[in-house]
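Try each one before you read its solution.

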Amino acid sequence: MSQPEYTTAQANALTNHDRIPIHIPGSIQPHGVLLALSTQLEILQVSSNTQIHLGIAPEDLLSQPLSYLLDPQSVEIVKQCLVKKIGSTNTFKVSINTLDKGKYFDAIAHRTEEAVILELEPTDSEFEVSFLNFHSLASEAIAKIQRTSNLGEFLHLVAQEIQKIIGFDRVMVYQFDESEAGSVVAEVKREDLSPYLGLHYPATDIPAQARELYTRCFLRFLPDLTAEPVKLLPIENPTTHQHLDLSYCLLRSFDWCCTEYHQNMGVKALLVISLIQEQKLWGLISCHHQTPKYISYEVRKMCEFLGQIASSELAHKISYSEWDYKVKLKSLQSDFLESISQADNFIDALIKPEIRLLDLVSASGAAVCLDNEITLVGTTPNIDEVRALIEWADTQVSDNLFSTDSLPKLYQEALMFKDTASGLLLLRISKIRRYYILWFRPEVIQTVHWAGNPQKSMQAQTDGSLTLSVRKSFEQWQETVRLTSLPWKPCELDSAIALNNAIVGIVLSKADELAKINLELERSNQELASFAYAASHDLKEPLRGIYNFSTVLLEDYAQVLDDDGIECLQTVVSLSVRMETLINALLRLSQLGQAQLRLQATDLKELLNQVIDVFRASRQDSGLVDIRIPRPLPTVLCDPVLVNEVFSNLLGNAFKYNDKAEQWVEIGYLSQEEGQRGRGIGKAGEEQLIIDPYPMPHAQCPIFYIRDNGIGIPEHHLETIFRLFKRLHSQQKYGGGAGAGLAIVKKIVELHNGKIWVKSTVGVGSMFYFTLQ
């Protein structure tokens with residue numbers, strides 16, 4: 001049978017065993033007597049051993065009022081149970097006259113849904129233990145337990161003090177894990193017994209029904225596991241016609257599985273005390289004795305009280321052991337979130353310095369995913385593996401926070417990177433966008449010591465099914481656990497949630513600030529564009545007058561001017577021409593700022609042919625113009641007039657800033673996939689520029705490029721060349737100009753929601769990239 005098939009069959013067998021109604025066995029242990037009473041305190045059911053303990057036959061007690069057996073004061077105490085909640089007990093001492101003499105009993109009464117149950121256990125004393133006596137017996141143990149802050153030492157002291165009180169051969173503290181399996185975390189024992197400390201036990205050893213009963217009844221006592229159970233008479237409650245619910249009964253009998261299990265361990269007497277943490281069963285104090293051993297009710301109540309004190313202290317010990325770690329995480333959170341809220345670049349704030357993001361959840365690696373952009377930190381799978389993992393998470397993980405300490409068992413491909421990511425903590429920041437933070441932990445190979453082979457608790461039947469069977473061996477059995485990391489602690493998950501909440505808050509705050517800033521910028525830009533248009537338009541008229549009058553003076557009054565005067569007028573004419581060029585550029589930019597795009601499907605092949613025709617016609621050396629087009633440009637949605645201007649400006653600059661004897665320009669485009677692969681452009685034997693389309697647009701649009709073999713641009717000027725009126729050379733070099741062409745090109749590209757950028761090598765050439773979507 002394969003492991004998955006075995007696990008499924010095991011789960012089915014456990015489910016079937018958990019359906020066994022161990023809370024309604026129809027019998028009790030023989031060391032006491034049980035009576036089931038109606039709400040009128042009439043005896044409806046009795047245990048069949050009343051003759052032994054009370055000297056009265058069971059048949060003689062049925063249908064009798066409780067006053068037939070107890071004195072009026074005791075009856076009144078039992079009657080008080082009717083107004084208490086289910087499970088609450090009234091305890092008292094009672095004397096009952098039997099045939100030969102009076103006998104004393106510890107009486108324990110409680111209410112169920114359908115009846116009042118009275119349990120009677122014989123006792124040698126007619127007096128109850130006073131509070132002072134109880135306190136003196138328990139106070140020393142409580143003081144020792146409370147003095148220690150170390151969790152392991154605390155649990156050992158609990159076992160030690162319980163063992164002193166009851167004198168059992170072995171007292172263990174047993175802790176449950178997330179899978180309901182358990183391990184012995186403290187032990188006090190007789191020297192000649194084999195140790196169980198550190199051994200693990202499968203969940204099948206204590207089935208779910210038994211664990212559920214331990215959360216209701218905090219103490220379970222079985223003084224003699226070899227004793228025969230005593231039946232109730234009648235077996236069913238005559239009022240409800242159902243088996244009597246004995247969930248809260250101290251005398252409730254034990255099932256065969258419990259008997260055989262403990263007898264296989266050599267145990268004849270058993271006392272179990274529940275340890276409750278945050279209303280859940282954290283573990284058990286399990287006490288074993290090799291021979292039958294009876295403990296008085298008062299001593300058991302003392303042990304139960306110590307168990308409750310231990311449960312109360314347990315929260316403090318666990319909190320104390322985790323406190324330093326939690327404080328460290330909180331401090332990291334505070335500093336981290338403050339830096340994120342003040343940062344301009346979100347990713348930089350997350351990963352720089354990188355150790356903060358890892359320390360936030362004690363991870364060895366992390367990946368920050370914002371749409372298609374993935375940033376890796378620390379020790380992680382590679383980019384492709386992380387991208388595939390996110391694809392899997394998109395379809396398989398619905399929660400915003402997901403964690404596992406065994407990713408390869410859920411995602412088979414993770415076997416390839418188990419050394420770095422056997423553990424995964426995934427935080428989904430946005431459900432609309434693919435925003436994730438993933439933390440990784442490496443595989444930690446562990447050796448688990450079991451008390452016997454846990455698979456021996458399952459027995460194969462002839463039909464191939466599995467049923468629960470009682471293990472016979474409790475010798476140490478080792479299992480090597482692989483493909484798991486250290487588990488994620490609740491405080492680490494809380495830290496991830498806190499990060500998510502903070503990011504959402506910061507994003508909302510930033511969005512609100514940006515919205516206000518954008519509104520103000522939009523208003524300011526509109527005013528500035530209107531002012532620039534009006535100013536540049538209105539400046540042209542007086543400037544034209546200066547030019548015209550200067551020209552008239554040069555033509556009509558040159559004979560009355562000396563050489564210096566003529567030179568000054570020529571300078572005025574030259575400067576007015578230069579100023580008009582600048583004003584025209586400013587006017588063009590202001591027009592673009594107020595322009596509405598006229599988008600239409602445009603064949604860029606035809607548009608580029610028109611640009612080249614005009615360019616050749618405007619150059620006298622057109623025969624030397626080498627314009628290369630590797631493949632026809634595609635049809636795109638754009639404003640053809642404006643895009644014509646983009647190609648014209650870039651083509652003109654490519655030849656303008658070129659001092660080579662053989663000048664050439666290449667105009668082409670790349671798909672997004674080609675750009676991401678870094679395709680090289682150029683003919684054989686020519687030095688190539690490698691495509692590096694940064695920043696890569698998100699839309700799946702072509703990346704256009706214009707490449708030349710010109711003079712190139714120094715790296716420190718690559719960002720400044722798109723500024724208005726920015727020239728890298730004097731007016732006397734490379735034909736002069738206003739320095740506005742690239743600013744206009746950038747404005748047109750951005751109007752199309754595109755981007756433009758450049759890569760260049762001085763002396764080799766430049767390559768301008770742009771997109772239009």
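A residue counts as buried when its relative accessible area is under 20%, and as exposed when that area is over 50%. Keep in mind that this is a predicted model.

**Exercise 1.** Decide whether glutamine 29 is buried or exposed, and find what its side chain meets.

*Solution.* Start with the location: glutamine 29 sits in the loop between strand S1 (27–28) and strand S2 (33–37). Next, take its relative accessible area of 2%; this is under 20%, so glutamine 29 is buried. Now look for polar partners. A polar atom of the glutamine 29 side chain lies 3.0 Å from the backbone oxygen of phenylalanine 221, and one lies 3.3 Å from the backbone oxygen of arginine 252. Finally, list the neighbours: the residues that glutamine 29 touches include Leu222, Pro223, Leu250 and Phe254.

**Exercise 2.** Classify the aromatic pair of tryptophan 392 and tyrosine 411.

*Solution.* The structure holds nine aromatic pairs. In this one, the ring centres are 5.0 Å apart and the planes make an angle of 35°, which is tilted. Then place the partners: tryptophan 392 belongs to helix H12 (residues 383–396), while tyrosine 411 is in the loop between helix H13 (407–410) and helix H14 (418–421), 19 residues apart. Tryptophan 392 is buried at 15% relative accessibility, and tyrosine 411 is buried at 7%.

Technical notes. Residues numbered from 1 in each chain as written. Predicted model: local features only at pLDDT ≥ 70, side-chain atom pairs only at ≥ 80, totals over all residues. Heavy atoms only, no water. Helix = DSSP H or I, 4+ residues; strand = E, 2+ residues; numbered from the N terminus. Buried < 20%, exposed > 50% of the residue type's maximum accessible area, 1.4 Å probe, protein only. Polar contact = N/O pair within 3.5 Å; in protein donor to acceptor, adjacent residues only side chain to side chain. Contact = heavy atoms within 4.5 Å. Phe/Tyr/Trp six-rings, centres within 6.5 Å; stacked < 30°, edge-to-face > 60°. Lists of a residue's contacts leave out its neighbours within four places in sequence.
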